[in-house]
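Here are my notes on the structure, as numbered points you can follow with the viewer open.

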Amino acid sequence: MTRPIRVLVLDDNVDVAQGVAEILELSGYQVTLVHDGLSAVSAYCGGSVDMGLFDVRMPGMNGVEAFLEIKRRQPDASIILMSGYADDELVTNALAHGALGLLSKPFEPDEMLARLHEVQQATLASVA
Amino acid sequence: MNRTDIEREISEISARKAYDRRIPVPEDTAYCGIVRAINSLLSEAENHDKLLRERLDDLVDARDDAQTSNLLLKRVKDELRARSVQLDSALQKAAAASSSKSMFLANMSHEIRTPMNGILGMAELLNRSELNPKQRQQVSTIVHSGRALLTIINDILDFSKIESGRYELDPMPFDLKMCLGDIVELLTPTAKRKSLQIALEYGSGLPRHFVGDAGRIRQVVMNLAGNAVKFTDAGSVKIRASGSLDNGNAELLIEIIDTGIGIPEEQLADVFEKFSQVDQTGTRRHEGTGLGLSICQLLANRMSGSIFAESKLGQGSKFSFSLVLPVHEKPMSALELNTSLEGRTILLAGTPDFTEPAQIALTEYNCAIIAVPSLSLAPQALSEQTSNGSVDVIVLISVATPDLLDHDIAEFRKTAAHAEIPIIMAVTNGTPGDAKTASQAGVQAYLSCAFDAAAFLQMIRFVLQASSRPDAQGAPAQLSAPPLITRHSIAELAALKTDRPDNAPLGVERRYKVLIVDDSMVNQEIAKEFLEDLNCDVSLANNGQEAVSVTADQSFDLILMDCQMPVMDGFQATAAIRSRRTAPTSPQGPIIALTANAFASDREKCLTSGMSDFLSKPFLPNEFDSVVQKWLSTQAAAA
């Protein structure tokens, strides 16, 4: 793999979004940051994104709604959720519709990297 | 629904916090009002509960986010710290590598210079022997190629030395103007060959004497001016010195301005990079290591200055060398020319291009100036503008060579009143032989650099002084034919006045005893031949030990000592010779180190071990001769 993996990070909390972005960049990912659901949909569907890392709760279109919209347009989209609400019905619904796991906030950065790596491997395997 | 039902319903709702439930309104009018009221309260409670939950969710979300971002931040910090440690160690490794690179370069250049010494020295000796023209051509090719190679090696060595910070400037009082004048003089033959004008403009009012590393300053300016001449095919090269004084320090600006090929804008920033040359495409018309400008920039930085380049493609370039030097308060004594120009009348003949700068240079001296476009118009101007039809001095300024002015001068001299007026011929580009032609044409003084205002003034003063001396007055020029006055004769006079004994010529009547200590037969032979040409009796020693024993019962006027030798090296030998208690009949003369190691630190090591001077190998004949002669003349003075 010559080019870096491109990750779209959605979180309305700027600190979290930037923290995630910095760690991903330090680990060799290429990151695009968005802070609301609509921007996430247009960024993901605009192409040049390999994976999504979406927060759930936020004003306006939330992370799950954005996820469902993207899934509707791109059934093979790879998106991981981040939320403090593991038993949230939003989350349950998203997982039922093909979200690739949930990172329960607060999570250790290593957990996030490990999950991203798993998804990456799975995607590679399915492509190959 | 009776009262009991209603009560049960209420307690159930309360226990389960099921505020979204409502109690069915009973038929019984006694209860229907209160149930409706309770349902309305429930609906309010439901709203409040929902709001509360949302608030709580937001709070939890914010807490989760804060915790998450803390974890992320901590990780980012750790990661960055780890990377900076990595970078530090990488930096250290790079520094170590760079230092070992300089060491390698130093060692390598030492290794190369030693055999180069053999090649160049032998070729030089071969050149002095009987050769047929073809052989002479071949030998001179060897010499030229060898010197070119030596230049490259020296450049690389110099660069690595300066870059690694392993050299220090050597500040001494010096005459900046003379230093720049020497450069112009050195480049004049090359410029002349390309029909270029080359001139020095030394700011009037700018002091001449500063404390600085004259050798390094000369190196920078020589490099820039040499490039200017090299890359200019028509027009001129000008060296301009200006500056401002501040508290005993001068901020100097030396500009080298040419009308040459110029440098494309996008390459202007790169010219100071190592190994870059503008003319990289096609034929390599201009040779060099490409290190010159990088070295200059490093040197300028060391002198609290820098070098800027400005250029217009096809129109020319300007390199500005700025530096800060302390002004030297007590300059060395020079020839005092106190002849005043005040009240004198000076006629300038030449096209306005040339006479105007001269007029400007003369303005502050209160002399009358008559300017004419050519000498043939001088008689008319003199009769119109002077009372007696004569002037004190005439200056011809021209690009033309003296033989073209021959006729004009002869015509002018025909009038009796004009026969004795001293004429100075100032040309912008002199060639060897011009001075002689000028003398034969009947001029009294010849100046090869018309645009050097100070030399110009000095020349006029000197000529006025000479012509006002009683023995010169009235003597017919044709009979006495005093020697032509040139810049050099003035400089020589100045040197005589300063009375420096170390310039005394080597006595022919005395033979000097010189000892060569070197483990290399080749070096011994080269030095021996050079010395024999200098009227010396030469003895040889193969190492320090032999030198110590041969000096036990013999005195030498001079000892040339190699530094690195088997058995006993030059430093030990020098120390042993110098500390010897039972000296032979008379003390040993100076010891000069011969070494292929050209670092300043080596020089220091030589001097601290008791040696007097230092010759780096391979020695070039001129350098060798001048150092040896310098020390032998001190011996002659002591004897």
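1. Let's begin with a sheet of chain B in this predicted model. It is open and mixed in its pairing, with five strands ordered S2-S4-S5-S7-S6. Strands S2 (197–202) and S6 (306–312) of chain B form the edges; each has a single partner strand, so one side of each has no neighbour in the sheet. On average, and ignoring direction, neighbouring strands here are turned by 15° against each other.

2. S6(B) runs antiparallel to strand S7 (residues 316–326) of chain B, and seven bridges join the two. If you want a residue pair to click on, B:Phe321 in S7(B) is the one opposite B:Ile307. Helix H7 (residues 292–302) of chain B packs on the sheet here, where it touches S6 and S7 of chain B, and its direction makes about 135° with that of S6(B).

3. How many of the 11 residues of H7(B) are buried? The count is nine, so H7(B) is mostly covered. The buried set consists of B:Gly292, B:Leu293, B:Ser294, B:Ile295, B:Cys296, B:Gln297, B:Leu298, B:Leu299 and B:Ala300. What do these buried residues of H7(B) pack against? Their partners are helix H3 (133–163), helix H5 (214–230), S6 and S7 of chain B. Just after H7(B), you will find a positive phi of about 55° at B:Ser304.

4. Now for the way H7(B) meets H5(B). Their axes come within 10 Å and cross at roughly 140°, which makes H5(B) oblique to H7(B). The handedness of this crossing is left-handed. On the H5(B) side the contact is made by B:Arg216, B:Gln219, B:Val220, B:Asn223 and B:Leu224, and on the H7(B) side by B:Gly292, B:Cys296, B:Leu299 and B:Ala300.

5. H5(B) also packs with H4(B), at an angle of about 30° and with the axes 10 Å apart. Are the two helices roughly parallel or roughly antiparallel? Angles under 35 degrees count as roughly parallel, and H4(B) and H5(B) are therefore roughly parallel to each other. Here the crossing is right-handed. H4(B) contributes B:Cys179, B:Leu180, B:Ile183, B:Leu187, B:Thr190 and B:Ala191 to the contact. Among the residues on the H5(B) side are B:Ala214, B:Ile217, B:Val221, B:Ala225 and B:Val229.

6. Chain B holds another open sheet, with six strands in the order S9-S8-S10-S11-S12-S13 and parallel pairing. Its edge strands are S9 (368–372) and S13 (485–486) of chain B, each pairing on one side only. Four bridges join strand S8 (residues 345–349) of chain B to strand S10 (residues 393–398) of chain B, and B:Ala349 stands opposite B:Leu396 in S10(B).

7. B:Val514 has B:Val538 in S15(B) as its bridge partner. Together with helix H15 (residues 521–533) of chain B, the strands S14(B) and S15(B) make a right-handed β-α-β unit.

8. Finally, a look at chain A. Its elements are five helices and five strands, running β-α-β-α-β-α-β-α-β-α from the N terminus on. Of its 128 residues, 41% count as buried. Among contacts in chain A with a separation of 6 or more, 58% come from residues 24 or more positions apart.

9. One residue of chain A to inspect is A:Ser27, in the loop between helix H1 (14–26) and strand S2 (30–34) of chain A. Why does A:Ser27 count as partly exposed? The reason is that A:Ser27 has 16 C-beta neighbours inside 10 Å.

Notes: Residues numbered from 1 in each chain as written. Chains lettered and ligands numbered in written order. Predicted model: local features only at pLDDT ≥ 70, side-chain atom pairs only at ≥ 80, totals over all residues. Pairing = 2+ DSSP bridges. Right-handed = clockwise from strand over helix to strand, strands pointing away. Axes fitted to C-alpha atoms, helices over the stretch in contact; angles between N-to-C directions. Contact = placed C-beta atoms within 7 Å. Buried ≥ 20, exposed ≤ 12 C-beta atoms within 10 Å, placed from the backbone. Parallel < 35°, antiparallel > 145°, perpendicular 65-115°, else oblique. Left-handed = near helix turned anticlockwise from the far one by under 90°.
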